[in-house]
Amino acid sequence: MAYGPSLYDQEIEVYAGFEDQFTYWAPLGLKTLNEFSQALDRADSFIDGRTVKGSFPQLYQRISSLPASLVYALCTALGVPFSVKYMLTRLIYALIYSFVTYFGMKQLKSGKMLFAVVALLPTAVFIASDYSYDYWINAFTLFAAACLVRELQTPDQPITSKKAILMLGAFVLAFGPKAIYFPVVLLCLLIPRSKFSSAWSSRVFRVSVVALSLLIAASFAVPYFFITGPGTGDFRGGSDVNSTEQIRFILSHPLEYFQILFTFLFKYYSLPTSREFIGLYAYLGFSSRMLWLSVCALITFTAITDKSEFDKPICTWKSRTGAILINVITASLIASALYVSYTAVGSETVAGCQPRYLIPLLFCTLVFLSSHRLAWPRSSEKLKTLYNAFVLAWMPFVYMVGLWQVFIRFLY
């Protein structure tokens with residue numbers, strides 16, 4: 001199975017010639033960018049068509065890269081210059097993210113503006129316009145969560161096989177690139193028995209939910225523990241990283257590790273950390289604090305007020321407790337995975353656990369909070385229109401102003 005071109009020495013040499021100029025922290029100028037693109041076009045003209053091969057489990061893990069790989073292969077066959085291929089393959093990521101989140105929003109009876117705020121987080125949109133698997137996870141998790149919420153919002157409408165398959169299939173697609181999110185699938189167990197035509201159908205669905213969650217986990221755990229083994233860890237974490245020794249440390253000092261994890265999560269969930277999944281444009285830097293705080297306020301406002309009578313069945317203590325528990329368990333697993341693979345043995349913190357990993361968990365948690373009693377505006381259609389218009393206008397505005405602050409203004 002071929003997945004796409006690998007990185008070649010020629011490309012590295014081209015980049016090395018520009019590395020003093022082409023940095024994320026200094027003004028680039030359009031001339032430098034054009035020269036860099038032309039150099040890559042020249043280098044690409046003599047790169048052969050070798051590919052990277054792998055097994056089916058690897059294909060599942062790389063599923064987010066397949067659309068761009070197909071576009072790249074087609075453009076290569078048509079003789080399109082590399083700089084254009086580079087932009088078109090990024091465009092397909094943005095289009096997929098846009099369409100999936102659009103159809104996800106359409107699933108909801110209520111909570112569309114909260115959904116929109118999460119989908120339009122500047123960092124999430126920026127990621128969706130670049131090379132990353134995060135766009136895939138964010139988009140399909142939002143879609144699957146919207147399908148789940150719709151079922152909970154309509155307790156009197158039976159769940160059909162088609163809807164169940166669509167929802168569970170979206171979760172399976174979402175977590176291919178990062179299987180550590182597998183506990184989120186268990187939120188589907190919140191769907192009540194009354195939604196099913198029979199007790200047998202309900203049991204089949206619940207067994208399927210648990211089985212799919214375990215299969216997603218196995219796509220990561222089986223190769224890690226039984227085939228390749230934990231190994232020495234990610235070399236990017238430094239010379240003191242050793243996964244095998246780190247696992248031994250955790251098993252021999254469980255209470256000490258629990259304290260390390262608790263301390264890390266306390267900071268991970270803090271308000272200052274949220275800036276890194278709201279206003280961070282990768283290595284380009286952060287947008288202003290004012291923009292970040294405005295988005296924080298909008299998330300809070302929509303999480304509280306973007307409710308209706310449809311939310312009465314979902315805003316229960318059972319669903320709130322379940323959503324928060326799944327959120328904490330998933331974040332703990334992510335942190336633990338990076339503690340093992342990316343952090344120096346015995347370290348008192350977790351290295352490499354980026355705040356953007358919380359983005360897929362936001363809507364899945366926030367939508368279950370608040371109460372339908374706090375819905376606003378309730379009756380005025382004019383106010384509802386203004387409410388929606390403000391949210392849908394403010395988020396793109398924040399993104400574009402932030403992009404101007406960290407990048408565009410340096411080009412002129």
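Arg248 and Glu245 sit 3 residues apart in helix H11 (residues 243–252), about one turn of the helix. Helices here are DSSP runs of H or I with at least four residues, strands are E runs of at least two, and both are numbered from the N terminus. These two side chains form a salt bridge, with their closest N and O atoms 2.7 Å apart. The term covers a side-chain nitrogen of Lys or Arg within 4 Å of a carboxyl oxygen of Asp or Glu. Glu245 is partly exposed, at 34% relative accessible area. On this scale, buried is under 20% relative accessible area, exposed is over 50%, and partly exposed is in between (1.4 Å probe, protein chains only).

## What you're looking at

This is a predicted model: local features need pLDDT of at least 70, side-chain atom pairs count only at pLDDT 80 or more, and totals for chains, interfaces and linings use all residues. Residues are numbered from 1 along each chain as its sequence is written, and side-chain values use heavy atoms, with hydrogens and water left out.

The protein has 17 helices and 0 strands. Of its 412 residues, 46% count as buried. Take the contacts (heavy atoms within 4.5 Å) with a separation of 6 or more: residues 24 or more positions apart account for 75% of them.

## The other salt bridges

The salt-bridge count comes to 6. Helix H17 (residues 381–406) holds Lys384 and Glu381, again 3 residues apart and about one turn of the helix. Their closest N and O atoms are 3.8 Å apart in the salt bridge. Lys384 is partly exposed at 28% relative accessible area, and Glu381 is exposed at 53%.

Then there's Arg150, which bridges to Glu151 with the closest N and O atoms 2.8 Å apart. Buried or exposed, where does Arg150 fall? Arg150 is buried, with a relative accessible area of 10%, and Glu151 is buried too, at 2%. Salt bridges link Arg150, Glu151 and Lys195 in a network.

## Rings in pairs and in a cluster

The structure holds 21 aromatic pairs. Trp136 and Phe140 make one of them: with centres 4.6 Å apart and planes at 45 degrees, the pair is tilted. For the cut-offs, rings of Phe, Tyr and Trp (its six-membered ring) pair if their centres lie within 6.5 Å; planes under 30 degrees apart are stacked, over 60 edge-to-face, and the rest tilted. Both residues lie in helix H8 (residues 134–153), 4 residues apart, about one turn of the helix. Trp136 is buried at 7% relative accessibility, as is Phe140 at 12%.

Another tilted pair is Tyr257 with Tyr339, at 5.0 Å centre to centre and 45 degrees between the planes. Tyr257 belongs to helix H12 (residues 254–268) and Tyr339 to helix H15 (residues 317–342), so this pair ties together parts that are 82 residues apart in sequence. Both tyrosines are buried. Back at Trp136 and Phe140, ring pairs link them with Phe82, Tyr86, Tyr93, Tyr131 and Tyr135 into a cluster.

## Lysines over rings

Lys85 lies over the face of Tyr72, 4.4 Å from the ring centre. Lys178 has its charged end over the ring of Tyr357, 4.7 Å from the centre. A charge counts as over a ring if NZ of Lys or CZ of Arg is within 6 Å of the ring centre and within 35 degrees of the ring normal.
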